[in-house]
Amino acid sequence: MNTDQEKGNHNITIIGGILRIAPHHAGKHFGFVNVSGLRISDNTIEGAAGDFMAVLKNCNNVSITRLQWSGSSHHGEDGLHLYGGSNYNISDCHIQSGDDALALTVEAPDNTVLENVNVTNCSLSSTMASAIKIHAKSKARNAAVRHIHITNVSIVQPALNTGHDAIRMLDESSEDDKVYGITLSSISIDNSGGPGTGIRASGIDQLTLDNVSVRNIQGQSVWASGKSRNHTDLILENILMTDQKPGSGPGITVSEANRFTISTCAIHNPAAHGILVQNSSFGILRGNTVLGSPQSAIRIEHSDQLTLTANVLPMNQSTVTEVGDSSGNSYDSEAPADSANRTSARTESAAGG
């Protein structure tokens with residue numbers, strides 16, 4: 001811990017070391033508050049003690065590299081948890097935890113804005129929760145989570161006792177735009193251990209998912225919802241979904257979105273619809289491939305001003321379906337699949353397939 005957690009300290013460096021849990025020990029391995037210029041590298045943790053392995057609160061200019069952290073398997077035992085602060089660089093780390101492996105949150109009135117976080121070349125897993133959580137709670141009245149860049153990350157979720165999302169992003173604040181500017185690229189997710197969505201985003205603006213692979217999901221691969229208010233500037237590109245388990249939902253769901261793009265995604269053998277769009281507008285679905293869908297390859301519910309072009313869809317009678325008050329949607333005239341089997345502007349009940 002830093003000595004002056006109220007006023008803060010400067011320029012702390014920790015290099016190397018192995019931390020093991022001693023008998024009857026409880027608490028965090030690292031606890032830094034209001035530190036400017038913090039460096040932690042080449043460190044090993046073996047076991048957690050009923051608490052976070054590390055918490056960094058309202059810190060600035062932080063470098064975290066080459067960590068090998070292996071915790072326990074219980075709730076409340078996060079790996080690396082950031083509350084507020086700015087200019088974090090996290091790279092080349094392996095973190096396995098009971099609770100969230102990497103948490104980027106604002107949760108209390110004294111949290112500052114959490115911004116400018118870069119995570120790269122890491123492997124993350126959690127036995128009880130999410131590998132990555134990005135979260136703004138309503139109590140963090142003056143804080144937000146913004147400008148987060150996560151790239152080249154591998155996530156393998158082992159056997160979970162409860163259903164959780166490999167990546168969970170939530171804005172539970174009472175105001176709009178508390179979580180925005182989030183980019184996830186070159187992400188690999190294997191959720192074979194148990195139930196849960198691959199990526200869940202609720203109320204997130206300016207969200208980009210690019211070059212993401214999701215496999216062995218017992219749930220939806222990607223589920224982006226506006227949380228009863230339209231989220232804007234959503235981009236889903238180059239998402240590959242394979243081996244979705246029976247009984248799961250659609251491959252990709254976008255709900256309550258205003259201005260969104262789903263492009264060059266490949267969804268193989270989804271458990272339900274390949275792509276589901278609900279209560280959204282001004283979207284582009286371009287160059288996506290859906291194969292082996294037991295229901296509609298693309299299903300549109302109560303959505304308008306959508307453009308569908310150059311999508312490669314299966315040749316069946318439910319290639320594209322529209323439900324309810326869906327209008328102003330356009331489709332390209334030359335479909336890679338048999339255009340005669342495309343059923344655009346088709347109306348059916350909300351419970352229909």
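These legends walk you through several close-up views of the structure. The model is predicted, so keep in mind that local features need pLDDT of at least 70 and side-chain atom pairs count only at pLDDT 80 or more, while totals for chains, interfaces and linings use all residues. Residues are numbered from 1 along each chain as its sequence is written, and side-chain values use heavy atoms, with hydrogens and water left out.

**View A. Cysteines without a disulfide.** The structure holds zero disulfides (pairs of cysteine sulfur atoms within 2.5 Å). Cys-93 is in no disulfide, and the nearest cysteine sulfur belongs to Cys-122, 4.6 Å away. Cys-93 is buried at a relative accessible area of 4%, and Cys-59 is buried at 0%. Here, buried means under 20% relative accessible area, exposed over 50% and partly exposed in between (1.4 Å probe, protein chains only).

View B. Three aromatic pairs turn up in the whole structure. Rings of Phe, Tyr and Trp (its six-membered ring) pair if their centres lie within 6.5 Å; planes under 30 degrees apart count as stacked, over 60 as edge-to-face and the rest as tilted. Phe-30 and Phe-32 are stacked, with ring centres 6.3 Å apart and planes at 20 degrees. Both Phe-30 and Phe-32 are buried. Phe-30 also stacks with Trp-69, with centres 5.9 Å apart and planes at 20 degrees. Ring pairs link Phe-30, Phe-32 and Trp-69 into a cluster.

**View C. A lysine over a ring.** Lys-28 lies over the face of Phe-52, 5.6 Å from the ring centre. To count, NZ of Lys or CZ of Arg must be within 6 Å of the ring centre and within 35 degrees of the ring normal.
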